[in-house]
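Open the model in your viewer and keep the sequence panel beside it. This tour goes from one selection to the next.

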Amino acid sequence: MGGWDTEIAKETLFRILFVMRDSPHYSKSAMRQTIFLFGIDMLQVLRTLLSPTYGWSSRTFYFAQWMDVVHVGEILVTSAIPRVSLFVVSFLLVFVAIADALYCCRIFRAGEINSIVPIKLLRFLVTLVVTTLYSSTIKWLLMPLECLAASPSSSHPTFSELLHGDGAACTPWAVPEIAITVPTLLLTVFYVSFAITACFFSLGVNTLSECPRYAYTGRVELWYLASKVAATFTPLLATHTSPVLTPVLVFLCAARTLYLHLAAHPFQSHLINLLRGGTYTAMLYLALCSTILLGTSHAANDDFRFQTAQWAALGGLPLCFLFGFFLVHRKRRQLLTVLDQLQTEFDQAVLLSAEDAPSHSRSFRTVLRTSLEQEPRSSSEVFFASTRWQCQRFADGTEAVTAARVLLRRKETRNPELLAFVVKRGLEEHPESKELKVLNITLLRFLRRQAAHSVSEEKLVRNEGLPLDLQFLLYAVDRKAEQDYNAEMLGTGEGLNVVQVIELEKKMRTAHDAHRACVTEMKAFWQTFALRKRARPFA
C-alpha cells in the first residue's frame, strides 16, 4: 500500500510539473520576452554580488543598484510607501504560489479539474517568483534577518528598529520579532524547496520544439539556483564564520554551473545558451573578485586607490560576459567539428553497406535502414571491433547527447539519417548512458515517428532504473505524444499545450453531461407519453 501511495504521489507531482513546464510554440515575442526575463534575473544576481557584504565599497554598490531594474523599482516604491510592504507582498506571493501548487496537486489527484484558473495562476507565479524575481523575493522574505549580515547593505530600518525604535539592537529571535521570524523561515524553506523542484524538472519534452525556454536538462538550472541561494543566505552567517566563506561558496557553485552548462548546452536556442554562459562567467568573476577583496585588509576602506581598483575590476565585467560567449561558442564549434568527422564516417559506412548489399536493393534508404537498424552489439563485440572506428568521438554520454541536439538544430535535409547514426555511435561508445537512451526514445517518438519501437525501448530503459528527472522526461514524452495525437485527430495542424488539452477535456465533459441530461429527459418524456397512451388508447 505504501508503494502504491508513492506511485500516486509521483504521478501527481509529474502532472503538476508537466503543467508548469509545457510552453507555447516559438515566436519572436517569446524570444524577446525570454531574453528580457533572463536579463532581469542576471542583473539581480550581479547586484547581490556587488554589495558591501561581499567586500565592495558603498560607491560601487550604489552604481550597481542602478543597473538592476527591480531594485530601481524598489527604490521608487519605497519612496512612497514603507519598505516593509515589499516583505508583505513577497510573503503573500510565495504563500499563494505554494498554496496554489498544493491545490493543483489535490485536484489532479482527484481528477476533478473544473477550472483552469488555478493552473494558469500557477504557471504565472512560477515564472514570476522562481524564474524572474527569485533573488529579490528571497531578499525581501529575509528582511527580519537582514540585520544579522556582517555588513548591512541597506540604510533602511530593521524589523527590530521598526518595533522598538531607532537604534534598537538586532534581536530577530526575541519577542515579538520571533512571531514574524519563525513563520517567515518556514515559508522560505518551503519556497526554496518549491523552487528547487521547479528548477530540477525545468526541462523540455519535444526535441523539435522551438520554444526558447526549453532546456533538455534541469540540472544546470538547479546549480544556478544553488548559486543564488548561496549568494543570499551565506551573508547571514558571516558573523559566525569567516567572511571569505561567502564568496568562496558562490564561486564553487558558479564554477560547477558553468562546467555543466558548457558540457550540456541545455537550452534549445543557441542564443539563450550564449546569454546563460555569459551570466555564469560573470558570476564566477565577481565571486573571485569578492574573495580577493574580503581577503585584503582594505575591504572596509573607501580610499582612492582601493576604489580605483574596484572600478577597474567592474570594468572587466563586460569582458568576462563576452568571454562566457566565447566559451559556449568554442564548445559548439568543437561539437560541429566532431559532427563533420562523423559525417565522413557516415558516408563511408553507407558506401560499404551499399557494396555488400544485393544489386536489386541498393537504394540509399534501404542501405541506410539496414545499417542503422542492426541489433546493438555486446561489449565483447565492441572491444574486438574497435578498429572499425579511428578513435572515440565522445568523451561521455552527455557530450553525445549535446552533439546530437546541436546537429538537430542545424535543420539540414539529410540530418535525420545522420542523427540516427550519431546516436547509434554514442550508444556503442557509452552503452551505460541513460541520458542518451532517453534521447533516442524522444527522437524515435517525435522525429522518426516510430511509436512502437520507442515504446519497446522505453520498457527496456525503465527496467534499468532511471533518475527522477529522466523518469519525468519519459512521462512527459508520453503525455506530449498523446497531445500531438489529439491535435492530429482534431486537425489543428500543430500540437496542443496542456492548458488547451484541459480546456478541451472540460468542454467535452460539459457536452457529454448535457447529452446525457438530454437523453434522460427524452426518455422520461417518452415514458410519460406511453403511460398516457395506455390510459387513453382511443383518445
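Helices here are DSSP runs of H or I with at least four residues, and strands are runs of E with at least two, both numbered from the N terminus. This is a predicted model, so local features need pLDDT of at least 70, side-chain atom pairs count only at pLDDT 80 or more, and totals for chains, interfaces and linings use all residues. Residue numbers start from 1 along each chain as its sequence is written, and side-chain values use heavy atoms, with hydrogens and water left out.

**Stop 1: the largest cavity**

Select helix H2 (28-49), helix H6 (117-132), helix H9 (178-200) and helix H10 (219-233). Each supplies at least two residues to the lining of the largest cavity. A cavity is a set of points, on a 1 Å grid over the protein atoms alone, where a 1.4 Å probe fits but cannot get out; lining residues have an atom within 4 Å of a point. Which helix gives the most to this lining? H10 does, with four residues.

Now show Thr131, Cys199, Ser202, Glu221 and Arg276. Of the 17 lining residues, these lie nearest the cavity's centre. The volume is about 190 Å³, taken as the space filled by probe spheres set on the points, which are joined across faces, edges and corners. Colour the lining by class: nine residues are nonpolar, two polar and six charged. Here Ala, Val, Leu, Ile, Met, Phe, Trp, Tyr, Cys and Pro count as nonpolar, Asp, Glu, Lys and Arg as charged, and the others, Gly among them, as polar.

**Stop 2: the largest nonpolar core**

Select Leu122, Val130, Val422, Val438 and Phe472. They have the most contacts inside the largest nonpolar core, which has 69 residues. Such a core joins buried Ala, Val, Leu, Ile, Met, Phe, Trp, Tyr and Cys residues through side-chain atoms within 4.5 Å. Buried means under 20% relative accessible area, exposed over 50%, and partly exposed in between (1.4 Å probe, protein chains only). Helix H14 (residues 317-356) gives this core the most, with eight residues.

Zoom in on Val438. Leaving aside neighbours within four places in sequence, its contacts (heavy atoms within 4.5 Å) are Tyr216, Val461, Leu466, Leu470, Leu473 and Leu474.

**Stop 3: Glu435**

Go to helix H19 (residues 434-446) and pick Glu435. Is this residue buried or exposed? Glu435 counts as buried because its relative accessibility is 17%. Beyond neighbours within four places in sequence, Glu435 is in contact with Tyr216, Arg219, Thr398, Val401 and Leu470.

Terms used: On a 1 Å grid over the protein atoms alone, a cavity is a set of points where a 1.4 Å probe fits but cannot get out, and a pocket is an open set with protein on both sides within 12 Å along at least five of seven lines; lining residues have an atom within 4 Å of a point.
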